[in-house]
Amino acid sequence: MTVANNAQTARARGAAIEQIAAQWLCQQGLTLVTQNHHVKGGELDLVMRDGDILVFVEVKHRATTRYGHPLETVTYQKQQRLVRAARLYLARCGTSSPCRFDVLAIIGKAPDLDFHWAKAAFDAF
């Protein structure tokens, strides 16, 4: 398998997990606005609504926690990129709704998945 095929496979797995995450969050009462929103310098996995609040959700998946919990992968630098991407999204959409940043960690292999939802995982700084 070539590097390009590995990248395509990883992207396909990521897209599938993000779809599962969106469905799970909808079952929890959120509404999907958009997913995989690309902006200069970053990507927003899921943009959802929780009532009047616009929620930017970073989805992280790991098959096991052998090398750490997926929540640990959202570093300060990653948070800065997400905040920058969210600001560009808000400017582009012309909205001024209240916002929050959530992280949804998913552990396991489908169909046996364990969800860990960190609401308001970090603040814009």
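## Sheet and charged residues

In this predicted model, 5 strands form an open sheet in the order β1-β2-β3-β4-β5, and their pairing is mixed. The edges are taken by β1 (31-39) and β5 (112-122); each has a single partner strand, so one side of each remains without a neighbour in the sheet. From one strand to the next, the twist averages 30°. Strand β3 (residues 53-62) runs parallel to strand β4 (residues 99-109), and 9 bridges pair them. Val-57 has Asp-102 in β4 as its bridge partner.

The structure contains 4 salt bridges, including those listed below.

| Salt bridge | Closest N to O distance |
|---|---|
| Asp-50 and Arg-100 | 3.0 Å |
| Asp-102 and Arg-100 | 2.8 Å |

Asp-50 is partly exposed, at 25% relative accessibility, whereas Arg-100 is buried at 14%. Asp-102 is also buried, at 1% relative accessibility. Through shared partners, salt bridges join Asp-50, Arg-100 and Asp-102 into one network.

In the pair of Glu-58 and Lys-60, Glu-58 is buried at 4% relative accessibility, and Lys-60 is buried at 16%.

Glu-18, in helix α1 (residues 3-27), is buried but has no salt bridge. The nearest side chain of opposite charge is that of Lys-60, 8.3 Å away. Beyond residues up to four places away in sequence, Glu-18 touches Asn-36, Glu-43, Asp-45, Leu-46 and Val-59.

Definitions and conventions: Residues numbered from 1 in each chain as written. Predicted model: local features only at pLDDT ≥ 70, side-chain atom pairs only at ≥ 80, totals over all residues. Heavy atoms only, no water. Pairing = 2+ DSSP bridges. Helix = DSSP H or I, 4+ residues; strand = E, 2+ residues; numbered from the N terminus. Axes fitted to C-alpha atoms, helices over the stretch in contact; angles between N-to-C directions. Buried < 20%, exposed > 50% of the residue type's maximum accessible area, 1.4 Å probe, protein only. Lys, Arg positive; Asp, Glu negative; His and termini not counted. Contact = heavy atoms within 4.5 Å.
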